[in-house]
Amino acid sequence: MEARPTDRRSLAVILAAGEGTRMKSRRPKVLHEVAGRSMLGHVLAAATALDEIAVVIGAGKEDVAAEARRRRPDAKIFVQEKQLGTAHAVLAARQAFDGADDIVVLFADTPLVRAETIAALRAALAEGAAVAVLAFEAADPFGYGRIICDSQRRPTTIREEKDASEAERACKLCNAGLMAIAGAKALDLLDGIDAANAQKEYYLTDVVARAAAAGLETRLVVAAEEEVLGVNDRVQLARAESLAQERLRRAAMLGGATLIAPQTVFLSHDTKIGRDVTIEPGVVIGPGVEIADGAVIHAYSHLEGALVGERATVGPYGRLRPGAKLAAQAKVGNFVEIKGAEIGEGAKVNHLTYIGDASVGAHSNIGAGVITCNYDGFFKNRTIIGENAFIGSNSALVAPVTIGDGAYVGSGSVVTKDVSADALAVARGRQMEKQGWAESFRRVQKAKKSGA
């Protein structure tokens with residue numbers, strides 16, 4: 001019976017030790033984000049199906065180790081004390097090799113690699129290959145290592161641009177860096193690599209020539225050039241972001257959502273969008289957002305860590321911060337900010353309002369300019385607004401406070417005490433009027449001005 005990848009013990013070795021100097025950043029390169037998730041996080045997600053994960057980090061990069069463990073708690077961390085090349089980095093994780101049938105080498109700065117591509121590399125090993133190399137056909141191959149193949153298109157060596165002949169440079173089949181090595185052959189192939197090159201480094205690419213020279217089977221797996229984009233600087237980071245957004249937008253639209261101007265909408269890696277959702281131009285969606293069927297996100301709204309219920313509406317210029325939860329048919333209008341608050345079914349918060357650390361009952365109406373005063377300088381306090389309540393414009397609700405079901409709060413009130421159900425609360429200074437005051441005031445001021 002032919003072996004299948006799922007029958008084989010697998011190990012991903014993710015190389016995350018590079019300095020990333022071209023990023024010109026204090027933050028390690030692999031922690032820079034694409035679509036709201038670190039590049040390392042993307043690669044870990046692509047490797048979810050593999051049994052074990054080994055992440056090779058540089059000395060002192062505990063923040064990289066912490067990110068790896070956050071995304072994959074069972075990840076094993078290995079330190080490459082000195083940067084002596086990619087083969088040297090893989091061997092830093094040699095203690096994890098035991099029992100692995102498939103060893104897949106991934107790079108933490110290649111965030112767009114797909115799980116399906118990793119599966120294809122493993123499938124080549126399951127079919128008998130000792131080494132499977134990931135390649136791409138470059139539109140402009142200048143600067144890339146070329147994969148040289150025999151007459152049956154089996155890789156025999158990887159030639160760097162500067163070392164390639166004119167005929168070899170004409171080849172557009174380029175090395176993506178990623179490869180899979182049969183666990184039984186891995187140490188023999190890797191330990192035999194030397195540093196006899198201008199950089200005095202141990203190159204992982206030498207595995208191919210060593211395997212071919214030993215008569216072992218090598219295989220080629222070809223991916224799209226965009227999938228294997230490596231990120232070395234901010235320009236390439238922006239390119240990776242653009243490609244990731246194209247993927248996310250396409251998936252959303254094929255899933256039944258309408259993006260009126262897709263190129264202006266920015267999604268996160270974990271955005272969940274239902275059917276018949278409409279998203280207008282200029283919307284930015286950060287991590288942790290779910291939008292249910294039929295909801296409408298109007299133009300220039302910003303959502304993060306929020307749940308939007310069926311047929312609810314947000315914006316334009318709405319902001320949902322983490323913990324915002326909109327029930328079905330709730331409405332959050334223009335220039336409204338919601339944070340850590342639940343807006344009940346059919347409730348309306350139409351404009352110019354801040355609702356934080358609160359709950360708003362079903363079918364309540366929150367007027368323009370209402371503020372829940374949730375922070376006293378030391379603690380966050382909660383406001384509870386019942387069902388069918390009406391909060392008049394420009395009112396301030398000083399938490400902790402509860403507004404009962406069906407209660408009314410008069411416009412301009414500063415509410416500091418609980419309001420009973422079906423009661424009217426008015427908490428503002430009494431209006432006073434002085435007849436003729438304005439005329440007298442203007443006369444006095446003009447006299448002062450003329451006498452100056």
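This is a predicted model: local features need pLDDT of at least 70, side-chain atom pairs count only at pLDDT 80 or more; totals for chains, interfaces and linings use all residues.
1. A disulfide requires a pair of cysteine sulfur atoms within 2.5 Å. The sulfur of Cys149 has its closest cysteine sulfur in Cys171, at 7.0 Å, and is therefore too far away for a bond.

2. Exposure of two cysteines. Cys149 is partly exposed, and its relative accessible area is 25%. Cys373 is likewise described as partly exposed, with a relative accessible area of 28%. For both values, the class of partly exposed lies between buried, under 20%, and exposed, over 50%.

3. Cis peptide bond at Pro316. Most peptide bonds are trans. The bond from Gly315 to Pro316 is cis, with omega near 5°. Pro316 belongs to the loop that runs between strand E20 (313-314) and strand E21 (319-320). A colleague examining the backbone may wish to view this bond together with the one in the next point.

4. Cis peptide bond at Pro400. Ala399 and Pro400 are joined by a cis peptide bond, for which omega is about 5°. Pro400 is placed in the loop between strand E29 (396-398) and strand E30 (401-403).

5. Positive phi at Lys24. Most residues other than glycine have a negative phi. Lys24 is not a glycine, yet its phi is positive, at about 50°. This residue, Lys24, sits in the loop between strand E1 (10-16) and strand E2 (33-34). The relative accessible area of Lys24 is 72%, so the residue is classed as exposed.

6. Positive phi at Lys200. Lys200, also not a glycine, has a positive phi of about 55°. The loop that holds Lys200 lies between helix H6 (183-191) and helix H7 (206-213). With a relative accessible area of 58%, Lys200 is exposed.

7. How many cavities of 30 Å³ or more does the structure hold? There is one of that volume or above. The volume of the largest cavity is about 40 Å³.

8. Lining of the cavity. The residues that line the largest cavity are Ala16, Ala17, Gly18, Pro28, Lys29, Val30, Lys61 and Val64.

Definitions and conventions: Residues are numbered from 1 along each chain as its sequence is written. Side-chain values use heavy atoms; hydrogens and water are left out. On a 1 Å grid over the protein atoms alone, a cavity is a set of points where a 1.4 Å probe fits but cannot get out, and a pocket is an open set with protein on both sides within 12 Å along at least five of seven lines; lining residues have an atom within 4 Å of a point. Grid points are joined across faces, edges and corners, and a volume is the space filled by probe spheres set on the points. Helices (H or I, at least four residues) and strands (E, at least two) are DSSP runs, numbered from the N terminus. Buried means under 20% relative accessible area, exposed over 50%, partly exposed in between (1.4 Å probe, protein chains only).
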